[in-house]
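These notebook entries record what I looked up in the structure. I began with charged pairs, then turned to the ligand and the surface.

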Amino acid sequence: MKQTGIRHFSGKRVWIIGASSGIGEACAKKLIEQGARVALSRRRVERLNTIAETAKANQTLVVPIDVTNNDQLQQGYESIFDTWGAIDLLLFVSGIYTPQRANYFDFSAAEQTIDANLLGPMRAVALVLPEMLKRHEGHTAIVGSVAGYSGLPKALAYGPSKAATINFCETLYYDLLPEGVSVHMISPEFVATEATAQNDFEMPALISTDEAAKEILNGIQKKGGVDIHFPKRFSGFLKFLRILPYPIYFWIV
Ligand SMILES: NC(=O)c1ccc[n+]([C@@H]2O[C@H](COP(=O)([O-])OP(=O)(O)OC[C@H]3O[C@@H](n4cnc5c(N)ncnc54)[C@H](OP(=O)(O)O)[C@@H]3O)[C@@H](O)[C@H]2O)c1
């Protein structure tokens, strides 16, 4: 049995969280172009309005929320539900990245990272699932990272937040497959955004936000598209590394 994809986005009701910069912005623009109805969320409202202005009347909803705030998420979900009656795709893109190593480990930054990157998607999924389960229809897509595959340098809090997100998606998949609800676990490698602009090292196989959005939306459209990772030339290599014995893995990394 394979989970379903969304064959056409036209008319679909999509809630994008983290919608107006980087990867999320590129996905929002493509979905608007393809005729989806898009609810745009992030904390700062100004850029959400700018994206909404590119869409047709009534094609978008602007729903500013902080994913670390239960009440804001709940109210955001209710306002979308009251307008549209259901959500076909939750696309959770939002995330924060603070490079951290053992010699400058900042616990409060780590706590914020786990709250935004792991508890954030859990909160959103908990909101949309009951209605999707009732309809036996719907898609939850969460952007994790290849940094969650296995330990990488400078990712002391970010890596664990993404590793747990991958595990969360895998575990959701077992339960949702027989219910007709699809799970899309999205693991990008380096994408040129504000978040990666702070990296002081050469990023292998760096791709644009446009390419990343294409990979994500194509993956969600495919039947069985649970594991969406890209660019394959590098994400495939990292998948291979994690099956190696630790001494070889640590030596290569
Ligand atoms: N860029 C890469 O190379 C790369 C690689 C692998 C995975 N990823 C993942 O891809 C996702 C997007 O990354 P990006 O590079 O596109 O980052 P970005 O340009 O920094 O965008 C992050 C988005 O998340 C929103 N956000 C952050 N904290 C939030 C919060 N508490 N509540 C609501 N929204 C919040 C931001 O808006 P506000 O600040 O206004 O809230 C922004 O829209 C992240 O999950 C990231 O971990 C990125």
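**Entry 1: salt bridges**

I found Asp210 and Lys214 joined in a salt bridge, with their closest N and O atoms 3.8 Å apart. I take a salt bridge to be a side-chain nitrogen of Lys or Arg within 4 Å of a carboxyl oxygen of Asp or Glu. Both Asp210 and Lys214 belong to helix H6 (residues 209-221), where they are four residues apart, about one turn of the helix. Helices (H or I, at least four residues) and strands (E, at least two) are DSSP runs, numbered from the N terminus.

I then looked up accessibility for the pair. Asp210 is partly exposed because its relative accessibility is 36%, and Lys214 is partly exposed at 43%. The classes are buried (under 20% relative accessible area), exposed (over 50%) and partly exposed (in between), with a 1.4 Å probe and protein chains only.

The model is predicted: local features need pLDDT of at least 70, side-chain atom pairs count only at pLDDT 80 or more, and totals for chains, interfaces and linings use all residues. Residues are numbered from 1 along each chain as its sequence is written, and side-chain values use heavy atoms, with hydrogens and water left out.

The search of the whole structure returned 10 salt bridges. One of them pairs the side chains of Arg13 and Asp88 at 3.0 Å, N to O. Arg13 lies in strand E1 (residues 13-17) and Asp88 in the loop between helix H3 (70-84) and strand E4 (89-92), so this pair ties together parts that are 75 residues apart in sequence. Arg13 is buried at 17% relative accessibility, and Asp88 is buried at 9%.

I also noted the salt bridge between Asp115 and Arg123, whose closest N and O atoms are 2.8 Å apart. Asp115 is partly exposed, with a relative accessible area of 22%, whereas Arg123 is buried at 17%.

**Entry 2: the ligand**

Which residues are closest to the ligand? They are Arg42, Arg43, Tyr158, Val191 and Thr193, in a shell of 26 residues that surround the ligand. A residue is counted as near if one of its heavy atoms lies within 4 Å. The shell divides into 11 nonpolar, nine polar and six charged residues. Here Ala, Val, Leu, Ile, Met, Phe, Trp, Tyr, Cys and Pro count as nonpolar, Asp, Glu, Lys and Arg as charged, and the others, Gly among them, as polar. Helix H1 (22-33) and helix H5 (158-176) each give at least two residues to this shell.

A polar side-chain atom of Arg43 is 2.7 Å from a ligand oxygen atom. The side chain of Tyr158 places an N or O atom 2.6 Å from an oxygen atom of the ligand. From Val67, a backbone N or O atom lies 2.9 Å from a ligand nitrogen atom. The protein covers 94% of the 890 Å² of accessible area that the ligand has on its own. Accessible areas come from the Shrake-Rupley method with a 1.4 Å probe; for residues, only the protein chains shown count as cover.

**Entry 3: a nonpolar patch**

On the surface, Phe237, Phe240, Ile243, Ile248, Trp251 and Ile252 form a nonpolar patch, with about 680 Å² of accessible area together. Helix H7 (232-241) and helix H8 (246-252) are the elements that give two or more residues to the patch. H8 has the largest share, three residues. Ile252 is located in helix H8 and is partly exposed, at 36% relative accessible area. Patch residues have over 30% relative accessible area and no salt bridge; like charges are joined within 9 Å, nonpolar side chains (Val, Leu, Ile, Met, Phe, Trp, Tyr) within 5 Å.

Conventions
A polar contact is a pair of N or O atoms within 3.5 Å; within protein, one must be able to donate a hydrogen and the other to accept it, and residues adjacent in sequence count only if both atoms are side-chain atoms.
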